[in-house]
Amino acid sequence: MSVDTDPQQSLTISGMPMSSPLKDVRALSRQMVGHFVAHVAPCGTMPRGTIAGDVTTITRVCLEFAVSMLDGRDLPEKVRRVEAAAEGWAREGVPIDTIHHSLSEGFKIGLELVVSKATAQDYDNLLGGVRVFMEIIETLTARVSRAYVRELRAVAGEHHTAAQTLTSALLGGHSTSTMAQECGIAVAERYLVLALAIPGHPGESDPRLDATVVARRKLRRVQAELAVWCGESVLSLLSTDGGTVLLPEGALDDAGIEELVPRLSRAAQVGVTACLVEAPTAAIPHAADQAHELLDMVQRIEVVPGLYRFDEFALEYQLTRPGPGRDSLGALLSPLDEYPELLETLQRHIANNLNRQRTARMMHIHTNTVDYRLRRIANLTGFDPAKASGLWYLRSALVARTYR
């Protein structure tokens with residue numbers, strides 16, 4: 001098959017239309033596709049039928065568009081066909097860099113054919129031809145990118161909605177088989193259930209910035225880091241201030257789990273706090289409740305951001321259950337009601353894992369002042385935070401007090 005030419009040509013090479021070497025689009029498209037398979041790595045792994053069909057067809061369409069542009073004509077329907085192909089490649093997961101690399105390689109071949117017989121007398125026409133080639137590449141690259149991204153967003157939106165529906169079903173204890181098929185995510189037998197707290201970004205309180213935009217960007221960074229670090233099997237229901245993450249058991253090793261929260265904190269640009277409870281799939285609703293109750297507790301006692309497991313705070317968690325024991329423990333700190341600086345020092349000191357220097361820095365006081373206040377606390381309450389037994393009661397009292 002050949003493309004008909006316009007009888008009036010303004011760009012010529014050695015007296016012939018510049019588009020002449022590209023006219024046999026069928027033969028040239030097969031040659032180009034063979035080059036793609038040999039030199040553009042991902043193309044070599046595509047199914048043979050796809051190579052012989054869609055890829056060859058679209059290569060021919062691109063050549064037809066190039067010929068028409070060199071001949072001074074525009075074929076909008078050709079560009080629309082390329083856009084439709086880009087949408088299909090987005091759905092099939094063909095990397096966009098592979099598409100752009102193939103376009104670039106194809107135009108290198110075409111340009112070499114066009115200029116191969118050029119002489120010094122063709123200089124002006126060559127400049128004009130290069131400008132047209134640049135316009136062709138710019139048009140196709142922009143339209144392909146736009147169509148690809150548009151379709152990718154639509155696919156990602158559908159997957160995100162289906163994944164959110166599956167997450168909601170798991171958290172609600174409902175049947176998930178149909179939903180799992182729809183979003184292509186297998187339901188695991190056991191999950192790590194994480195309750196996340198994401199503090200406000202400093203930009204959210206900056207009057208010069210749109211707080212909603214800053215918060216949404218923070219959330220998108222956290223979601224992107226989750227996907228990168230945990231893979232497609234991770235499920236989450238998150239808002240700008242936190243939420244729930246379901247991670248299939250075995251998706252990350254112990255080191256990966258420990259690294260997860262620091263990575264999310266770096267992505268959010270604020271300290272993220274997470275509480276983890278392991279559970280079989282059927283027990284996810286109860287585990288999520290436990291994880292969020294534990295998260296609420298560690299936030300009340302103002303621990304430093306990080307990852308906390310249920311077994312680390314099992315005793316403190318039990319102290320939060322209603323009853324006379326909780327009420328009695330909470331009353332142990334009543335003598336400090338008149339000394340808020342002592343209560344704050346105790347909270348900070350325990351939250352900082354008894355690190356006097358860190359507590360002093362956070363409160364902008366000397367370490368000797370920290371020591372003095374801890375001694376005052378011992379005198380007023382009867383429990384010495386420097387001793388294990390006293391510290392146990394004071395820590396327990398702090399937990400219970402936040403629920404009074």
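## Ring pairs

Rings of Phe, Tyr and Trp (its six-membered ring) count as a pair when their centres lie within 6.5 Å; planes under 30 degrees apart are stacked, over 60 edge-to-face, and the rest tilted. Going by that rule, you get 3 aromatic pairs here. One of them is F107 with F133, edge-to-face at 6.1 Å centre to centre and 90 degrees between the planes. That pair ties together distant parts of the chain, 26 residues apart: F107 sits in helix α5 (residues 96-115) and F133 in helix α6 (residues 123-172). Helices are DSSP runs of H or I, at least four residues, numbered from the N terminus.

F107 and F133 are both buried (under 20% relative accessible area, with exposed over 50% and partly exposed in between; 1.4 Å probe, protein chains only). The model is predicted, so local features need pLDDT of at least 70 and side-chain atom pairs 80 or more, while totals for chains, interfaces and linings use all residues. Numbering runs from 1 along each chain as its sequence is written, and side-chain values use heavy atoms, leaving out hydrogens and water.

## The F383, W392 and Y393 cluster

Ring pairs also join F383, W392 and Y393 into a cluster. Within it, W392 and Y393 are edge-to-face because their ring centres are 5.1 Å apart and their planes at 85 degrees. W392 is partly exposed at 38% relative accessibility, and Y393 is partly exposed at 36%.

## Around D254

D254 belongs to helix α9 (residues 254-268). With a relative accessible area of 60%, D254 counts as exposed.

Key: Helices (H or I, at least four residues) and strands (E, at least two) are DSSP runs, numbered from the N terminus.
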